[in-house]
Amino acid sequence: MAQVTQQHYWFGDEQAQKLHLERLDNGLPLHVAPFSTLVAAMGPHWKPGCKEKVLAMCQATYDEGYMVAYYEQPDLCIRPLEGIGTMRNEALRKARREGWEYLLYVDNDVQPPPDALVSLLRRMVPVVLPLVRYADGEDHGLTIAKTEPGRGLALITSSVISFVLFNVRALASFETFWEDSLGAHEQYHFEKLYDRTGVRPFLDTDVLVEIVEPPHFPLDRGD
């Protein structure tokens, strides 16, 4: 009896085939562009040197064989942070519409190393964040800013979202996920995600991203 070919994939290069096979080996579902990532910057108000670092990371990711695109979300805030949830939802809609598998949110004050995105993608988890360090050397009361590096992957309940990688499917059950209320902070959103999907974020302590500006706590200042 003649054998029927049920599935056959053609790849643009050996690296694309390698990524495809790695997914299968790790039990992940197929995707037309495995590990493809839309890097969405939240606004055009870059701190000195930060945009260059993000673009260098995107180039390094492409050089490793991953499909990547950079996108700068227009500022929709009349007052600071007022419309940041809407901006994040716009980036999510773009990622869905264009078929990206992952969405990396980056703020305008981050300075990632070139291999940051590839390292996070290789964790193959639904939501993952790096360790962060603030340029002023302070931890600003944040656990993530004083966590010991080099301890692998850790399951957490919340973290700052200046630099966070989502598998787009982790947000598939939400028409819109992000909210604009000042009270809708990081913990609020990660609990919302967990309540609907059972997904918790992971912290990759082997990846370190510097943040130039101190964190913003609008509820503490009433603005």
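A residue is called buried when its relative accessible area is under 20%, exposed when it is over 50%, and partly exposed in between (1.4 Å probe, protein chains only). By this scale lysine 51, with a relative accessible area of 29%, is partly exposed. The structure is a predicted model, in which local features need pLDDT of at least 70 and side-chain atom pairs count only at pLDDT 80 or more, while totals for chains, interfaces and linings use all residues. Residues are numbered from 1 along each chain as its sequence is written, and side-chain values use heavy atoms, with hydrogens and water left out.

The nonpolar interior is considered next. In soluble globular proteins, nonpolar side chains tend to be buried together. A nonpolar core is defined as a set of buried Ala, Val, Leu, Ile, Met, Phe, Trp, Tyr and Cys residues joined through side-chain atoms within 4.5 Å. The largest such core in the model has 62 residues, and those with the most contacts inside it are Tyr105, Val106, Phe163, Phe166 and Leu193. Strand β5 (residues 127-134) supplies the largest share of this core, namely six residues; helices (H or I, at least four residues) and strands (E, at least two) are DSSP runs, numbered from the N terminus. When residues up to four places away in sequence are not counted, tyrosine 105 touches several residues, among them Ala40, Met42, Arg88, Phe163, Phe166 and Trp178. Contact here means heavy atoms within 4.5 Å.

Aromatic side chains were examined as pairs. A pair of aromatic rings is described by the distance of the centres and the angle of the planes. Rings of Phe, Tyr and Trp (its six-membered ring) pair if their centres lie within 6.5 Å; planes under 30 degrees apart count as stacked, over 60 as edge-to-face and the rest as tilted. By this rule there are nine aromatic pairs. In one of them, the ring centres of phenylalanine 35 and tyrosine 66 are 6.2 Å apart and the planes stand at 70°, so the pair is edge-to-face. This pair links distant parts of the chain, since phenylalanine 35 is in the loop between α1 and β1 (37-42) and tyrosine 66 is in the loop between α2 and β2, 31 residues apart. Phenylalanine 35 is buried, with a relative accessible area of 1%, and tyrosine 66 also counts as buried, at 4%. The rings of tyrosine 105 and phenylalanine 166 are likewise edge-to-face, with centres 6.1 Å apart and planes at 85°. Here strand β3, which holds tyrosine 105, is linked to strand β7 (residues 163-167), which holds phenylalanine 166, and the two residues are 61 residues apart. Both tyrosine 105 and phenylalanine 166 are buried. Tyr105 and Phe166 also belong to one aromatic cluster with Phe174, Phe177 and Trp178.

Charged side chains form a further set of links. A salt bridge is a side-chain nitrogen of Lys or Arg within 4 Å of a carboxyl oxygen of Asp or Glu. Eleven salt bridges are found in the whole structure. Arginine 122 and glutamate 22 meet in one of them, at 3.3 Å from N to O. The two residues are 100 residues apart, with arginine 122 in the loop between α4 (116-121) and β5 and glutamate 22 in helix α1. Arginine 122 is partly exposed, with a relative accessible area of 42%, whereas glutamate 22 is buried at 14%. Glutamate 72 and lysine 51 also form a salt bridge (3.3 Å, N to O). Because glutamate 72 lies in strand β2 (residues 68-73) and lysine 51 in helix α2 (residues 50-63), this pair ties together parts that are 21 residues apart in sequence. Glutamate 72 is partly exposed, at 27% relative accessibility. Arginine 88 forms a salt bridge with aspartate 107, the closest N and O atoms being 3.5 Å apart. Arginine 88 is in helix α3 (residues 84-98) and aspartate 107 in the loop between β3 (102-106) and β4 (110-111), so parts that are 19 residues apart in sequence are tied together. Arginine 88 is buried, with a relative accessible area of 5%.

Phenylalanine 35 has a phi near 65°, a positive value in a residue other than glycine. Methionine 124, in the loop between α4 and β5, has a positive phi of about 55° although it is not a glycine. Methionine 124 is buried, with a relative accessible area of 18%.
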